[in-house]
Amino acid sequence: MILLITSLAKAQDCAKALQEVTAEPVQVAATLSEAMAQLQAHEFSAVVIDQLLLDAEPGDVDTIVKHMGTAVPVFSNFAISGIDRVSRELRSALHRRERESLQEAQQALRRELKDTITALLLSCEMALDVPNLPLFAETKMRAVDALAREMRAKLGVTV
């Protein structure tokens, strides 16, 4: 869901256009206090803010931003920007946030895999150091060690 904060008369037209572009429902808040209530009641993927409102009430900007949560902020001057431009800015911000989220997920997965591969390699080393290890078990442990090293190389992980 997207929150549109503007006091313009054409706010509903803009909300409809943003909804068509993003395929997400759009809520409209005509004031910053109304926006605060919406932010406290709902989770939003983006918050589109009319800079004219921010200029009129500059002290409330920090409060709004603090309550956005994970929503991406999009600041636009509706007095000089048409609905098409605001739509493009919103779409671009949402795509940027999506890419950032994907990169964060990839990094988290790499960290988890790095820990698992490290544990696997250490376990293999310890098992191979066991005295009088049967040849069959040693062969299997070396195969597991080789697979773990191959995974580490493919991930570009250094241990």
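Which residues does Ile2 touch, not counting residues up to four places away in sequence? In this predicted model, the contacts of Ile2 are Thr22, Glu24, Pro25, Val26, Gln27, Phe44, Ser45, Ala46, Val48, Leu90 and Leu94.

Ile2 belongs to strand S1, which spans residues 2–5. Ile2 and Leu4 point one way from this strand, whereas Leu3 and Ile5 point the other way, and all are buried. Strand S1 is joined by four bridges to strand S2 (residues 26–29), and the two run parallel. Within this pairing, Gln27 of S2 stands opposite Leu3. Between S1 and S2 the chain passes through helix H1 (residues 11–22), forming a β-α-β crossover that is right-handed. Strand S1 also runs parallel to strand S3 (residues 46–50), to which four bridges join it. Here Ile49 in S3 is the bridge partner of Ile5.

The largest nonpolar core comprises 17 residues, and Ile2, Leu4, Leu18, Val48 and Leu90 have the most contacts inside it. Two or more residues are given to this core by each of S1, H1, S2, S3, S4 and H5. Another core, of 16 residues, lies apart from it and includes Leu39, Leu53, Ile64 and Ala71. In soluble globular proteins, nonpolar side chains tend to be buried together.

Ser81 is located in the loop between strand S4 (72–76) and helix H5 (83–128). Its relative accessibility is 8%, and Ser81 therefore counts as buried, since the cut-off for that class is under 20%. When residues up to four places away in sequence are not counted, Ser81 touches Ser76 and Val86.

Conventions:
Residues are numbered from 1 along each chain as its sequence is written. This is a predicted model: local features need pLDDT of at least 70, side-chain atom pairs count only at pLDDT 80 or more; totals for chains, interfaces and linings use all residues. Side-chain values use heavy atoms; hydrogens and water are left out. Buried means under 20% relative accessible area, exposed over 50%, partly exposed in between (1.4 Å probe, protein chains only). Contact means heavy atoms within 4.5 Å. Two strands pair if DSSP finds at least two bridges between them. A crossover is right-handed if, with the strands pointing away from the viewer, the path from the first strand over the helix to the second runs clockwise. A nonpolar core is a set of buried Ala, Val, Leu, Ile, Met, Phe, Trp, Tyr and Cys residues joined through side-chain atoms within 4.5 Å.
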